[in-house]
Amino acid sequence: MTIADVVVALNGKLMAGDGTSPRVVGAVVANDLMSDVLLVDADDILLLTSLASDQAIRTAHIVGAMGVVVHNAKPLSETMLKVADDLHIPLVSSPLSKYDACVKLHDALEAEKRA
Amino acid sequence: MTLEEVKNAVGGNVVVDVPEAQASCAYASDLLSDVMGHSGEGAVLITIQNHLNTIAVCTLVGTEIIVVCHNREIPPDMAEAAKREGVAIVTTPLSQFAASVALSSLPPVER
Amino acid sequence: MEGYKPVILQGQQTNDDEILEKSPPIDAATLGGDSSVIIMELLQRFKVRDVMKRKVLSVPRKASLREAQRIMRESRISGLPVSEEGRLYGIVSVNDIILALDGGWIEESCEDHMATNLVVLEAGMPLSFALRYFNNYSYGRFPVLDSNRQLVGVISQRDVMRALLYELSVEIRKLERKTATVTGEAEPAQNVNYFRREYAVVRNDLSSAGHAANEIKKLLKEHKVDRVVARRIAVAAYELEINICIHSHGGILTLVIQDDAVTITAKDRGPGIADIEWACRDGTSTANDWIRSLGFGAGMGLSNSKRVSDEFDIQSEVGKYTRVTCVFKLNKQAEGAAQ
């Protein structure tokens, strides 16, 4: 599942970074506490968060995440978009809540496995 | 969903027991301001914020059950406040993502 | 005392093209010889922000010229920026002080007498560019602004020379090692490769907090550090950087890459940690609610850093400083001798 697929699954909109990136979701991490995200030992993380700040992007970069989704259609600051572009992290805005997004992503990932 | 159902779904441990606690939906977030702004009324709160403030926010949004992920330890002052306010706490080894998926399989309760 | 000339510029901004035209290009022809290639590369690679002094002495607009004079005398500088909250309004120079003492207006405000048509450098400018400004103007130092026009540092020719000399000596040592191997001499056993970078971390500046860790991660990739180890290093760097930012009065994050290890050091100016053992535990934090609402303060910073590093050391004195050192072992590269 690429970031483009994520945008579709979550009724989202790509706000910054490369939406055509071929990287696929390795793991989904739904978390707002960045120090916890740093603990995750997975590759190609898709970070789901309500934290609409530069820190979400910077943390994503540190752990080599393949993308960041911010929920509840929270407005994203100019600096956040700029940092996402600078660090090449695809940033998606979704109107869904984190819970609903988790469920939708799980369903989409399961469907992929079955296909 | 009842507390028992929630506990079983996430394979968790009831740290603060409020047997009659129920939830009609679920909300996952660790930012308390976000919970206050967007949580549905009477939702299960899925979070890792093992902090006293979490209980206060629960009372504001009518949350009766909290699922604390990654088996985070519940500090005594949080547990006491939870007991006082009638908020049940379940800890689970699951992540927020996995816990959300687990709870989504439960039918919501008609109040 | 460096020589000083009043600002001659008319109009608002510097005309960079004009500067480039007037000053000689920094290239092989001008510098002469093969060593110039290394120098040129260094001048392109390094930016003003890598070399500038981040601690900027300044005065607010309403301060008196006498106050400016005192600071300039105590710190032995010939130009003092006038700024408030990061915004640069002008510069007071030694010449301004001399005129004020002579004319009798030394008690008046800096605002009324400062120079306002300023030559400034941008933090992201390569040094090669900056050197042309030094060439073209006789100012000893320039204020440095970031992309948001905020005053972030001061750079002097001496800063540039010192950095270049250091990096040149590193390059020379590398070259010497290569030559020794080619002629069949026994390669010295000790660590020759040494790359060092320092980053200032400003207290409570959460908008850019983490930028050093992001830079470090990129550098680790450039230096071909193993991906898994690089991630551990980046995590430690990030945690330590955030700690300096939210818990201290500000400090410095240092990266050192050597052949067999990478070291991250975080040193701050206080307030120090009274109970180090408590601080290093999972989940313990002195963070307030504001910090937690931003997604930090879960109390994992030091314990995370300790967990991911091969060697971990923390020293602290209450009221003075805290220094955390994390060492990460690298596998010795098999191709070392074959260079």
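At what angle do H5(A) and H5(B) pack, and how far apart are their axes? The model is predicted, and in it the two helices pack at an angle of about 80 degrees, with their axes 9 Å apart. Angles of 65 to 115 degrees count as roughly perpendicular, and H5(A) and H5(B) are therefore roughly perpendicular to each other. On the side of H5(A), the residues that make the contact are A:Tyr99, A:Cys102, A:Val103 and A:His106. On the side of H5(B), they are B:Phe97, B:Ser100, B:Val101 and B:Ser104. Sorted by class, this contact has five nonpolar residues, three polar ones and no charged ones. The spacing of such residues can be read with a general rule in mind. An α-helix has 3.6 residues a turn, so residues three or four places apart point the same way.

Helix H5 of chain B spans residues 96-104 and is mostly covered, since seven of its nine residues are buried. A residue is called buried here if 20 or more other C-beta atoms lie within 10 Å of its own. The buried residues of H5(B) are B:Gln96, B:Phe97, B:Ala99, B:Ser100, B:Val101, B:Ala102 and B:Leu103. What do these buried residues pack against? In chain A, their partners are strand E2 (27-30) and helix H5 (98-114). In chain B itself, the buried residues of H5(B) pack against helix H1 (3-10), E2, E3 and strand E4 (65-68).

The rest of chain B can now be placed around this helix. Chain B contains five helices and five strands, and from the N terminus on its elements run α-β-β-α-β-α-β-α-β-α. Two of the strands, E2 (residues 25-28) and E3 (residues 43-47) of chain B, pair in the parallel sense over four bridges. One of the residues to look for is B:Ala28, whose bridge partner in E3(B) is B:Ile46. Together with helix H2 (residues 32-38) of chain B, E2(B) and E3(B) make a right-handed β-α-β unit.

Helix H4 (residues 76-85) of chain B holds B:Lys83. Is B:Lys83 buried or partly exposed? B:Lys83 has 15 C-beta neighbours inside 10 Å and therefore counts as partly exposed. In sequence, B:Lys83 and B:Val15 are 68 residues apart, while their C-alpha atoms are 10.0 Å apart in space. For chain B as a whole, 51% of the 111 residues count as buried. Among contacts in chain B between residues at least 6 apart in sequence, 53% join residues at least 24 apart.

Chain C has 339 residues, of which 30% count as buried. Its secondary structure comes to 14 helices and 10 strands. Among contacts in chain C between residues at least 6 apart in sequence, 62% join residues at least 24 apart.

Consider the strands of chain C next. Three of them form an open sheet in the order E3-E4-E5, and the pairing is mixed. The edge strands of this sheet are E3 (121-122) and E5 (151-156) of chain C, each of which pairs on one side only. Strand E4 (residues 141-145) of chain C runs antiparallel to E5(C), and five bridges join the two. Within this pair, C:Pro143 has C:Val154 in E5(C) as its bridge partner.

Strand E10 (residues 321-329) of chain C has two partners to follow. With strand E8 (residues 261-268) of chain C, E10(C) pairs in the antiparallel sense over eight bridges, and here C:Ala266 stands opposite C:Val324. Strand E9 (residues 311-317) of chain C is also antiparallel to E10(C), joined to it by seven bridges. C:Phe312 has C:Cys326 in E10(C) as its bridge partner. E9(C) and E10(C) form a hairpin with three residues between them, and C:Gly319 in the turn has a positive phi of about 85 degrees.

Which way do the side chains of E10(C) point? In a regular strand the side chains alternate between the two faces of the sheet. Along E10(C), C:Thr322, C:Val324, C:Cys326 and C:Phe328 point to one face and are buried.

Finally, chain C meets chain A: 18 residues of chain C are in contact with 19 residues of chain A. On chain C, the elements giving two or more residues to this side are helices H10 (211-222), H11 (227-247) and H14 (301-308). The largest share, five residues, comes from H11(C). By class, the residues on this side of chain C divide into nine nonpolar, six polar and three charged.

Technical notes
Residues numbered from 1 in each chain as written. Chains lettered and ligands numbered in written order. Predicted model: local features only at pLDDT ≥ 70, side-chain atom pairs only at ≥ 80, totals over all residues. Contact = placed C-beta atoms within 7 Å. Nonpolar A, V, L, I, M, F, W, Y, C, P; charged D, E, K, R; others polar. Buried ≥ 20, exposed ≤ 12 C-beta atoms within 10 Å, placed from the backbone. Pairing = 2+ DSSP bridges. Right-handed = clockwise from strand over helix to strand, strands pointing away. Axes fitted to C-alpha atoms, helices over the stretch in contact; angles between N-to-C directions. Parallel < 35°, antiparallel > 145°, perpendicular 65-115°, else oblique.
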